Amino acid sequence: MSLRENALAVRENAYAPYSNFKVGAALIAENGVVYCGCNVENVAYPEGTCAEAGAIAAMIAAGQTRLTEVYVVADAPTPVSPCGGCRQKLIEFGAGDVAVTMATTEGAEVRMTLAELMPGAFTEAHLENT
Ligand code: THU
């Protein structure tokens with residue numbers, strides 16, 4: 001299964017009764033395994049947890065800490081863009097040259113690197129004086 005097929009499949013399981021906006025994310029970790037996540041909302045926090053965060057959580061739970069490629073898909077007019085919080089989370093576990101493909105269910109795709117998505121990211125380099 002391609003990364004896109006994984007993201008489309010997990011998207012079907014998204015729990016988004018408040019926004020009705022289902023998102024699927026799939027990533028490849030350093031071990032070559034694909035980890036998937038979908039968005040999960042709840043009544044007290046209707047924005048919920050993003051699909052990207054879910055895929056990262058699955059990777060961490062499996063004992064992997066580095067990601068090498070990311071794919072995100074939703075039914076939107078234009079390819080879905082990871083939110084700011086997710087960009088910071090992706091940077092935590094991926095190098096700047098990691099490719100993030102943003103996609104629509106129709107098949108449109110936009111590919112950017114993590115460095116392009118998060119210019120000037122806050123990283124551990126900023127902690128060097130501490
Ligand atoms: N969402 C994601 O899961 N990933 C994104 O990249 C953008 C937004 C979710 C969060 C919320 O459940 C819904 O989409 C609407 O914001």
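Where is the place of E106? E106 sits in the loop between strand 6 and strand 7. Helices here are DSSP runs of H or I with at least four residues, strands are runs of E with at least two, and both are numbered from the N terminus.

This is a predicted model, in which local features need pLDDT of at least 70, side-chain atom pairs count only at pLDDT 80 or more, and totals for chains, interfaces and linings use all residues. Residues are numbered from 1 along each chain as its sequence is written, and side-chain values use heavy atoms, with hydrogens and water left out.

**The ligand and its shell**

- The residues around the ligand are S19, F21, V23, N39, E41, E47, C50, A51, E52, S81, P82 and C83.
- This shell divides into six nonpolar, three polar and three charged residues.
- Nonpolar covers Ala, Val, Leu, Ile, Met, Phe, Trp, Tyr, Cys and Pro; charged covers Asp, Glu, Lys and Arg; the others, Gly among them, count as polar.
- A polar contact is a pair of N or O atoms within 3.5 Å; within protein, one must be able to donate a hydrogen and the other to accept it, and residues adjacent in sequence count only if both atoms are side-chain atoms.
- A polar side-chain atom of E41 lies 2.6 Å from a ligand oxygen.
- An N or O atom in the side chain of E52 is also 2.6 Å from an oxygen atom of the ligand.
- E47 takes part through its backbone: a polar atom there is 3.0 Å from a ligand oxygen.
- On its own, the ligand has 370 Å² of accessible area, and the protein covers 83% of that.
- Accessible areas come from the Shrake-Rupley method with a 1.4 Å probe; for residues, only the protein chains shown count as cover.

**Helices and what covers them**

- Buried means under 20% relative accessible area, exposed means over 50%, and partly exposed lies in between (1.4 Å probe, protein chains only).
- Contact means heavy atoms within 4.5 Å.
- Helix 1 spans residues 3-11, and its buried residues are L3, R4, N6, A7, V10 and R11.
- Seen down the axis of helix 1, these buried residues fall within an arc of 160 degrees, so they line one face of the helix.
- The arc is taken from the directions between the helix axis and the C-beta atoms.
- An α-helix has 3.6 residues a turn, so residues three or four places apart point the same way.
- The cover over the buried residues of helix 1 includes strand 1 (23-29), strand 2 (34-38), strand 5 (67-74), strand 6 (94-104) and strand 7 (109-113).
- In helix 2, the buried residues are A51, E52, A53, A55, I56 and M59.
- Their cover includes strand 1, strand 2, strand 4 (45-49), strand 5 and helix 3.
- After helix 2 comes G63, with a positive phi near 90 degrees.
- Helix 3 (residues 84-93) has C86, R87, L90, I91 and F93 buried.
- Helix 2 (51-61), strand 5, strand 6 and helix 4 (114-117) are included in what covers them.

- N20 is found in the loop between helix 1 and strand 1.
- N20 has a positive phi of about 55 degrees, although it is not a glycine.
- N20 is exposed, with a relative accessible area of 63%.
- P79 lies in the loop between strand 5 and helix 3.
- P79 and A103 are 24 residues apart in sequence, but their C-alpha atoms are 4.2 Å apart in space.
- Neighbours within four places aside, P79 is in contact with M102, A103, T104, A108, E109 and V110.
- T130 is in the segment after helix 4, and it is exposed at 82% relative accessible area.
- A polar side-chain atom of T130 lies 2.6 Å from the backbone oxygen of L127.

- E106 is exposed, at 75% relative accessibility.
- E106 and N6 are 100 residues apart along the chain, and their C-alpha atoms are separated by 15 Å.
- T49 is in strand 4 and is partly exposed, with a relative accessible area of 40%.
- T49 touches C38, N39 and V40, not counting residues up to four places away in sequence.

Notes: Near = heavy atom within 4 Å.
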